[in-house]
Amino acid sequence: MTTYLLAGGGTAGHVNPLLAVADALRARDPEAEVLVLGTREGLEARLVPERGYELLFVDKVPFPRRPNKAAAAFPARFPRAISQVRAHIAQRGVDVVVGFGGYASAPAYVAARRERVPFVVHEANARPGLANVLGARRAAGVGVAFEGTPLKRSRVVGMPLRREIVTLDRDALRDEAAGYFGLDPAKPVLLVFGGSLGAARLNAAFGEGHGEGWRDVLDAGWQLLHVTGERSELADPAAPGYAVRRYVDRMDLAFALADFIVSRSGAATVSEISALGIPTAYVPYAVGNGEQALNAASAVRAGAAILIPDDEFTGDRVRSQVVPLLADETRRTAMAAAAASVGTRTGTENVVAMIDEALGA
């Protein structure tokens with residue numbers, strides 16, 4: 001029996017691909033032991049047990065980025081975290097460690113090396129996190145979601161995706177999706193969304209009482225499915241063909257209905273949209289270290305998407321750049337084909353193959 005230790009967490013961007021790989025390992029071999037390493041503070045503390053996996057804990061020890069109390073405590077706390085993971089590896093007979101970034105991964109990589117257990121790194125973002133940069137130097141295998149990600153000895157394996165996205169048949173679900181959102185399956189649909197909390201910039205550009213971009217979309221003969229985010233108080237004009245939702249728990253149906261998308265460009269979002277072959281205008285979130293623009297770069301280079309800077313995205317930009325694309329079926333068809341060329345639905349299988357290679361070596 002093989003024992004796998006999957007390390008990562010903190011955010012959905014780390015937890016979701018980890019769980020996709022965990023599910024694949026368990027489905028392939030129900031006798032295998034699939035363990036997850038995480039912190040008590042991260043999203044994994046809730047999501048991992050809910051999915052039926054045992055969560056082993058390690059202290060959350062952020063890498064110091066500036067002189068402060070946390071930096072002063074790091075030299076003592078990080079070795080303690082490594083010791084915690086070494087104990088897990090030894091006590092549970094772990095055969096291979098797989099890291100997805102986040103606070104749990106850095107001590108896991110060091111612990112695996114010291115216990116002489118092979119480890120594999122997966123990086124979801126085009127700009128890698130520090131834990132994966134360090135881990136990639138000694139890893140048995142390094143996989144990245146996006147072409148051009150600067151990690152040593154890496155290869156593009158894609159993103160492990162949710163099963164409902166991997167198996168999504170958009171054509172077969174279109175009628176059901178249209179009924180779910182109260183739209184007409186015979187008319188094209190623009191999907192606008194900014195994540196679970198929404199995106200104020202996108203809402204302002206399209207929303208009632210702001211940029212009024214929704215009117216231009218409808219005037220172009222399209223329908224608009226606008227997911228505003230749970231915290232949004234955007235007015236709903238109750239116009240036929242304009243569906244406003246605060247939150248959607250069936251994003252598979254939203255994707256099934258979408259003929260064009262305007263969205264942020266988080267790693268999972270870009271990976272899912274590309275895998276489904278949907279032409280897109282990405283509006284990268286401007287806060288952070290610029291990783292969202294980098295996540296969209298390979299799709300833009302391939303001709304699958306356009307990129308509009310956040311501070312330039314207004315109702316006027318909807319009218320001048322998005323609406324003309326809605327009217328250009330030839331270009332949208334070419335964008336869809338390009339999206340399929342840069343996306344993959346086999347990211348999970350590719351990561352599992354990399355794990356098997358590490359075990360075989």
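User: Accessible areas here come from the Shrake-Rupley method with a 1.4 Å probe, and for residues only the protein chains shown count as cover; what share of the accessible surface of the protein belongs to carbon and sulfur atoms?

Analyst: This is a predicted model, in which local features need pLDDT of at least 70 and side-chain atom pairs count only at pLDDT 80 or more, while totals for chains, interfaces and linings use all residues. Residues are numbered from 1 along each chain as its sequence is written, and side-chain values use heavy atoms, with hydrogens and water left out. The accessible surface of the protein comes to about 15600 Å², and the share of carbon and sulfur atoms in it is 49%.

User: Which radius of gyration does the protein have?

Analyst: The radius is taken over C-alpha atoms, and the globule rule is 2.2 Å times the number of residues to the power 0.38. Because the protein has 361 residues, a compact globule would have a value near 21 Å, and this agrees with the protein's own 22 Å.

User: Is strand β5 largely enclosed or open?

Analyst: Strands (E, at least two residues) are DSSP runs numbered from the N terminus, and buried means under 20% relative accessible area (1.4 Å probe, protein chains only). Phe 119, Val 121 and Glu 123 are buried on one side of β5, as are Val 120 and His 122 on the other. Since 5 of the 5 residues of β5 (residues 119–123) are buried, the strand is largely enclosed.

User: What is the bridge partner of Val 98 in β5?

Analyst: Strand β4 (residues 96–99) runs parallel to β5 and is joined to it by 3 bridges, where pairing requires that DSSP finds at least two bridges between two strands. The partner of Val 98 in β5 is Val 120.

Conventions:
Accessible areas come from the Shrake-Rupley method with a 1.4 Å probe; for residues, only the protein chains shown count as cover. Buried means under 20% relative accessible area, exposed over 50%, partly exposed in between (1.4 Å probe, protein chains only). Helices (H or I, at least four residues) and strands (E, at least two) are DSSP runs, numbered from the N terminus.
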